[in-house]
Amino acid sequence: MSRDLPRLESPVEIVAMGAQGDGIAETAHGRLFVPFALPGERVACEIQGRRGEGWTARLTGIETPSPLRRPPPCPHFGTCGGCMMQHADAGMYRGWKRGLVETALRQRGLEMPAEAPLIATAPNARRRARFAALRDDHGLRLGFHAPESAEVVAISECRVVTPGLAAQLGLLRDLAAAALTAGQSAVVTATETETGLDVLITGSRKLERRRALTEAASKAPIARLCWQEGRGEPEPLVQHAAPLVHFGGVAVALPPDAFLQPSAEGEVALVEAVTRLTAKAKSIADLYAGCGTFTFPLARIGKVAAFEASKPAVAAVTSAANHAGLAGRVTATVRNLDSSPLPPEELKRFDCVVFDPPRAGAKTQAEMLARSRVKRVVAVSCNPTTFARDARILVDAGFALEDLVAVDQFVWSAHVEVVAAFKR
């Protein structure tokens with residue numbers, strides 16, 4: 001431990017849970033964030049560094065455990081940073097997840113509807129995951145980063161991803177080993193589709209072992225393998241089958257690195273909420289539409305105009321709509337809604353607007369909706385904090401938050417999804 005860091009007089013008492021799944025202690029040195037500690041526990045820990053106005057600490061011992069502490073189901077828990085809350089009782093965990101939404105709304109002067117449900121998805125349901133890979137003198141490590149660290153922790157199993165995806169960890173490790181030279185690291189994104197595994201390896205340098213990677217992928221039981229250098233365009237190297245999924249009964253061929261809800265179970269819950277809250281709208285705008293997760297289910301209700309910044313995603317929606325005979329019912333347009341949001345004059349033709357932005361939220365588009373005559377808005381968010389900010393903009397413009405559903409499809413993590421309806 002650095003001499004510049006304060007020394008603690010152990011033990012400290014954990015008094016609350018933080019938004020990242022840390023236990024929080026109040027000490028003479030300020031607020032302390034202790035991963036893997038629970039409220040009511042007295043723990044020994046060492047300060048590791050600053051976090052905002054407080055400190056982050058490493059748990060070194062538990063003097064008084066909480067009665068709500070449970071044995072974690074995964075042997076990698078605590079060293080792998082993929083999960084933060086496997087050690088908590090199910091009731092406490094659900095209360096914490098719901099509290100993430102409640103706290104974010106309350107900080108903006110809004111209240112979460114008392115009857116708002118929290119829909120939980122099961123472990124081993126994630127069909128899409130991003131793994132860290134590192135090749136060093138000891139070989140290839142594939143797994144996740146350690147908590148608050150760049151260190152790659154190799155995993156032999158995972159209780160979050162689907163059994164099918166977990167069974168391919170060795171295959172993913174072999175593909176990464178074929179791609180990387182000593183000292184190189186990469187991100188390996190794996191998506192389970194209906195036609196096989198879609199794999200994207202993203203490295204920071206030019207691919208030197210192209211032949212080795214292509215040969216390994218050619219023999220692998222996968223749908224597609226792509227390589228991406230930095231933030232460049234993904235380059236397909238091997239494709240045995242187009243990676244397909246169905247949205248609203250419509251087959252969609254996913255472009256490389258396309259957004260997909262992390263679990264099929266979570267997607268079902270979100271789609272059911274969105275279509276229910278859209279009511280009987282005849283003309284619907286689907287903003288930040290991706291590859292059509294909501295577009296095609298909404299097309300069963302009314303005509304849908306999808307807007308999305310990604311050209312490959314828009315092409316995928318257009319092609320799928322044409323093949324499904326929905327060309328007159330679904331349109332898709334390339335548009336960056338952050339820099340060029342739909343203004344009130346373009347919004348006036350819609351009965352309902354659905355938006356599902358990235359974690360940064362939809363502030364500029366919410367401001368346009370606030371000035372429009374749209375009567376119903378359905379917001380989907382993976383970040384309660386930016387959702388609450390955008391909700392405040394709508395409420396200040398005369399909308400009422402009349403329904404909300406929370407969906408926990410990022411099991412044991414600090415993420416929770418929200419679907420909410422706003423009506424003038």
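**Notes on the sheet, a pocket and the cavities**

1. Ala 44 stands opposite Gly 61 in S6. This is a predicted model. The pairing here is antiparallel: strand S5 (residues 42–51) and strand S6 (residues 54–64) are joined over nine bridges.

2. S5 and S6 belong to an open sheet of six strands, ordered S1-S5-S6-S4-S3-S2, and its pairing is mixed. At the edges are strand S1 (12–13) and strand S2 (16–17), each of which pairs on one side only.

3. The second largest pocket has a volume of about 390 Å³. Its lining comprises 19 residues, and those nearest the centre are Ala 19, Gln 20, Leu 100, Thr 103 and Thr 385. Helix H1 (90–106) and helix H10 (384–396) each supply at least two lining residues, with H1 giving the most, six. By class, the lining has nine nonpolar, nine polar and one charged residues.

4. There are two cavities of 30 Å³ or more. The largest cavity has a volume of about 70 Å³. Residues lining the largest cavity include Arg 128, Asp 198, Cys 226 and Asp 257. Strand S11 (185–193) and strand S12 (196–203) are the elements that give two or more residues to this lining; S12 gives the most, with three. The lining of the largest cavity divides into seven nonpolar, two polar and three charged residues.

5. The second largest cavity holds about 30 Å³ of space. Among the residues that line the second largest cavity are Phe 355, Ser 381, Phe 387 and Asp 390. Strand S21 (376–381) and H10 each give two or more residues to this lining, which has five nonpolar, three polar and one charged.

Definitions and conventions: Residues numbered from 1 in each chain as written. Predicted model: local features only at pLDDT ≥ 70, side-chain atom pairs only at ≥ 80, totals over all residues. Heavy atoms only, no water. Pairing = 2+ DSSP bridges. Helix = DSSP H or I, 4+ residues; strand = E, 2+ residues; numbered from the N terminus. 1 Å grid on protein atoms, 1.4 Å probe; cavity = no way out; pocket = protein on both sides within 12 Å on 5 of 7 lines; lining within 4 Å. Points joined across faces, edges and corners; volume = space filled by probe spheres on them. Nonpolar A, V, L, I, M, F, W, Y, C, P; charged D, E, K, R; others polar.
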